[in-house]
Amino acid sequence: MRQRSLIAITAALAAGALTLTACGSRDDDGGSDSGSGGTTVVIGVDAPLTGDLSALGLGIKNSVDLAAKTANKEKYVEGITFKIEALDDQGQASVGQQNATKLVANDDVLGVVGPLNSSVGESMQKVFDTAKLVEVSPANTNPALTQGVKWQTEKVRPYKSYFRTATTDAIQGPFAAQYVFNDAKKKKVFVIDDKKTYGAGLAATFTDEFKKLGGQVVGTEHINPDSKDFNAVATKVKNSGADVVYYGGEYPQAGPLSKQIKEAGAKIPLVGGDGIYSADFIKLAGAAGTGDLATSVGSPVEELPSAKEFVANYKAGGYKEDFEAYGGYSYDSAWAIIEAVKKVVEGNDGKLPDDARAKVVDAMQDVSFDGVTGKVSFDEFGDATNKQLTVYSVKDGDWTTVKSGTFTG
Amino acid sequence: MNELPQQLVNGLLLGSMYGLIAIGYTMVYGIVQLINFAHGEIFMVGAFGALTVHMYLLPDGTSIWVSLPLMLLGAMIVSVLVAIGAERFAYRPLRGAPRLAPLITAIGLSLALQQAIWAFYPNAKSKLAFPQIEGGPFSFAGATVQTGDIFLLIAAPASMAFLAYFVMRTRTGRGMQATAQDPDTAKLMGVNTDRIIVVAFALGAVFAAIGGVASGLKYGQIDFKMGFILGLKAFTAAVLGGIGNIYGAMIGGVVLGVAETLATAYISDIPGLDQFGSQSWADVWAFILLILVLLFRPQGLLGERVADRA
């Protein structure tokens, strides 16, 4: 009997150890080649690399890796070799904050690209700001991150080290509302959100503009992102008589939600933000997804002339995963850090100064270059000056461009 | 339009799913007084077993009517093997140990199974698509039922009927009842209690596997953590119905499912409760119901057992 329990304990320990190794090995996933001598500068990446949102997160990681490799190949900054350190936040604010602390502790890290989720961004900002480490998010769209919680009335920039290349929900929500009301001619909307920083914020800005335009909100609902049974909500949508659904949230929930709404008998499109603009949304929604709409920041990356090179290089880079919605923005975010580092190094006789982190933050404010997604520069709040948005629609199992434009308020 | 029939059907379907899994909790608890927190993961590996049969063992384009029985079989085999393995290597060595030890083991096993699927099953780091039945949906009496749900509507009552027959009429079933009443006396009367316990784990796993396939068909996707929340809900359903009572598990599941659905649908219509009515509050209402039931009937809705063991 004693021996048996020993076997059992050993087996349990072995299983536990295996899992732990699996967890550990995914973290420190460098990727770029070092070598070629000189100083190494690490660009941190924080994104969900596993779990529901990993499709978007891996696209971010790969694009940053591509930027670092390109800079190394072109010897863009003399004497500096860029490396990336990618950490997995699993889309959770608590994990993101630990990752932020970890990146701050590594002295070679001079800038961080990420995260994907606004809620994670919220938890990381202060950690980075205290360490004067620059953070550029390719995907955070919640306005409060750059303009303070009272952004509607009085804009105050909370953290000097936080920048983003993504357009905010203050623009994205109203842009979607104008498209739905004016172009798609839908007047009765059912608004659903997932209560997270991103989803609730987006739903709120959409609702405000839609009402202002004269549309009617026939129902609101908040779903539980841990659930995947939205049938009760779908039945409510059907009986509300809405002719369109707006969903503030991300594709892991939006896919099943769209499917269940259509199955309940409401053949109306679901409209969402950049959080549902992913190939995985179509996979999860199945045939029911046809006709659904999503707004995403910027012009379609594949169609911009400046992006052709990025797409070609990404393919040549041999990455297993697609670059997804934020690939171009991630590349630009990483490149902005590279530009800032270049400026700092060149202003200091080709060497990194001792207070490189603080200098990079200052340099970032004035960065300006032609990136994958257009002109990349930041306004006084750290927001992208590029306010281009695009509406996409699901057709034949793929996202197709419907309308591109700039929101003018 | 009156949405009550549809919402009741939604709740019934959700509840049947809870019930199928709750049976496993309640049977194991009834016989060995162990809350098998790894049972949600038995359900999860069942769904992955079915998907493995579909993706790797059957040729592409096999009709769902051919593959469904095979997938079900695959799910059951995987679930039962994992459950029996868990019983043999994780729980049996701890049978004489204090209650906390097997409970902690169960929680650890649950994490280990989740992470094992996460780490070793191909592409399991994100959600995987599950095959769907074409056709439908079907409408009757003001409610719509999806084709994928038909399986659950048939499987849940059928499983329940089979279990009732098994426990009441077969020799092994009576052995289970005897072991549940008093394991030591049952042993003295010639019941092989070790075998009975294995049968209880295996039967629970069979129903969990059916639930896993039903979940895949219903939602069209599976992932490595699908068993965690559902397992907690099923455990709640088992407690609500009276843990240890197999009929209580199904009743508790259906009551919980219907309560969640109706809370989502109607609470927001009550003046003043507008903001507590959304789906994100449905769990809160479900647990309020659980607390109320346990306040007035601590043994659960159908439970006969009143804390007869410390």
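**Ground rules.** I number residues from 1 along each chain as its sequence is written, and letter chains from A and number ligands from 1 in the order in which they are written. Because the model is predicted, local features need pLDDT of at least 70 and side-chain atom pairs count only at pLDDT 80 or more, while totals for chains, interfaces and linings use all residues.

**Domains of chain A.** I looked up the division of chain A, which gives domain 1 (29-167 + 302-378) and domain 2 (170-297 + 389-406), with bounds from an automatic or database domain assignment. Their C-alpha centres lie 29 Å apart. I found 18 residues of domain 1 of chain A in contact with 18 residues of domain 2 of chain A, contact being C-beta atoms, placed from the backbone, within 7 Å. On the domain 1 side, α2 (54-73) and α4 (118-130) of chain A are the elements that give two or more residues, and α4(A) gives the most, with three; helices here are DSSP runs of H or I, at least four residues, and strands are runs of E, at least two, numbered from the N terminus.

**Five-stranded sheet.** I then traced an open sheet in chain A with the order β2-β1-β3-β4-β5 and parallel pairing, where two strands pair if DSSP finds at least two bridges between them. Its edge strands are β2 (80-88) and β5 (162-164) of chain A. Three bridges join β4 (134-137) to β5(A), and A:Glu135 has A:Tyr162 as its bridge partner in β5(A). Helix α13 (356-365) of chain A packs on the sheet, touching β3, β4 and β5 at about 45° to β3(A); such angles run from 0 to 180 degrees between N-to-C directions, with axes as lines fitted to C-alpha atoms, for helices over the stretch in contact.

**Seven-stranded sheet.** The other sheet I followed in chain A is also open, has mixed pairing and reads β7-β6-β8-β9-β10-β13-β14. Strand β6 (188-193) runs parallel to β8 (244-248) of chain A and is joined to it by five bridges, with A:Val189 partnered by A:Val244. Helix α8 (231-240) of chain A touches β6, β7 and β8, and its direction makes about 170° with that of β7(A).

**Helix α2 of chain B.** The 19 residues of α2 (39-57) of chain B should span 27 Å at 1.5 Å a residue, and the end C-alpha atoms are 26 Å apart, which agrees; the expected span is 1.5 Å times one less than the number of residues. I count α2(B) as largely enclosed by the rest of the structure, because 15 of its 19 residues are buried, that is, with 20 or more other C-beta atoms, placed from the backbone, within 10 Å of their own.

Terms used:
Contact = placed C-beta atoms within 7 Å. Buried ≥ 20, exposed ≤ 12 C-beta atoms within 10 Å, placed from the backbone.
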